[in-house]
Amino acid sequence: MIQVKNLNVDYFGNPALEQVDIDIPLGYSIGIIGPNGAGKSTFIKSLLGIIKKRSGTITVGNSDIALCQKDIAYVPQKSDVDLTFPITVRDTVLTGTYPKLKLFRRPGKKEKELVERCMEMVDISDLAHKQISNLSGGQLQRVFIARALAQQANIFFLDEPFVGIDLVSEKIIVNLLKKLREEGKTILVVHHDLHEVEEYFDKVIILNRKLIAFGDISTTFSSQNIQSAYGSSLGNVQIKGLGGLV
Ligand code: ADP
Ligand code: MG
């Protein structure tokens, strides 16, 4: 279980997350939803230890989450990645093996073979020599997924992985996430589109600076909770699983 107690984060005095208390059980696929600026990325970055200035405690099992980082693979939001950095697809995926390398060791044959397998899993082997700056949105996202796979982690955090990608890439990623989930991995996905929530996830975290709700899709992904998080900003839209107008 990932146990978050009284998490508070602010940026220069402006609160981004307030009093977030949540126990996230391991082994599920979980969507994180909420309007723009709700603190979804901040929440994930807090769990990853990227945000140091926070209060509260975050533990996995009985350990501080800071001690478990090797076991958490992270696919950042596209806007957080420096795409001008000169690096090939293969070398990008290889960096996924670094967290689990022993001190002062370079990736060897084992890691290189793993990289080839991870590229195959998301169908990017033919792009191996390309610079990441020359890829389409969907290809790039698959590279970052392959990199996460190469980390051989048990927990995966993905921040808006389906934004700006083609349908084929989305399908490949969705199927892969399903497979990981079947293998017992824990998957947390910041997701901006409410339409697929019911189809993609077991559980949902609804955030808007505060935790609005967390639980199974069937009980938690309700019009009332969506209203609480989004207010009237959604307008009258029909969302699958909500059974009516929001
Ligand atoms: P979301 O991912 O839900 O869109 P974020 O976690 O990115 O939301 O941001 C939450 C709030 O914190 C927003 O108001 C955003 O403008 C602000 N914020 C995020 N990152 C920073 C930062 N590095 N510096 C200052 N403010 C930030
Ligand atoms: Mg975000």
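1. His191 first. Setting aside neighbours within four places in sequence, His191 is in contact with Ile32, Ile33, Phe162, Glu196, Val197, Tyr200 and Phe201. Contact means heavy atoms within 4.5 Å. His191 sits in the loop between strand S8 (186-190) and helix H6 (197-200). Helices (H or I, at least four residues) and strands (E, at least two) are DSSP runs, numbered from the N terminus. His191 is buried, at a relative accessible area of 2%. Buried means under 20% relative accessible area, exposed over 50%, and partly exposed in between (1.4 Å probe, protein chains only).

2. A word on the basis. This is a predicted model, in which local features need pLDDT of at least 70 and side-chain atom pairs count only at pLDDT 80 or more, while totals for chains, interfaces and linings use all residues. Residues are numbered from 1 along each chain as its sequence is written, chains are lettered from A and ligands numbered from 1 in the order in which they are written, and side-chain values use heavy atoms, with hydrogens and water left out.

3. The magnesium ion (ligand 2) has Ser41 (OG) and Gln77 (OE1) as its protein donors, 2.1 to 2.6 Å away. Ser41 belongs to helix H1 (residues 40-47) and Gln77 to the loop between strand S6 (72-75) and helix H2 (89-94), so the pair ties together parts 36 residues apart in sequence. Ser41 is buried, with a relative accessible area of 17%. Donors are N, O and S atoms within 2.8 Å of the metal (3.2 Å for Na, K and Ca); water is not among the atoms, so sites may look incomplete.

4. Next, H4 against H5. The axes of helix H4 (residues 137-150) and helix H5 (residues 167-182) come within 9 Å and cross at roughly 20 degrees. Axes are lines fitted to C-alpha atoms, for helices over the stretch in contact, and angles run from 0 to 180 degrees between N-to-C directions. H4 and H5 are therefore roughly parallel. From H4, Gly138, Gln139, Gln141, Arg142, Ile145 and Leu149 meet Ser169, Ile172, Ile173, Leu176 and Leu180 of H5. These residues divide into 6 nonpolar, 4 polar and 1 charged.

5. H4 also packs on helix H3 (residues 109-121), at an angle of about 135 degrees with axes 9 Å apart. H3 and H4 are therefore oblique. The cut-offs: under 35 degrees is roughly parallel, over 145 roughly antiparallel, 65 to 115 roughly perpendicular, and the rest oblique. Leu114, Cys118, Met119 and Met121 in H3 meet Ala146, Leu149 and Ala150 in H4. This contact has 7 nonpolar, no polar and no charged residues. Ala, Val, Leu, Ile, Met, Phe, Trp, Tyr, Cys and Pro count as nonpolar, Asp, Glu, Lys and Arg as charged, and the others, Gly among them, as polar.
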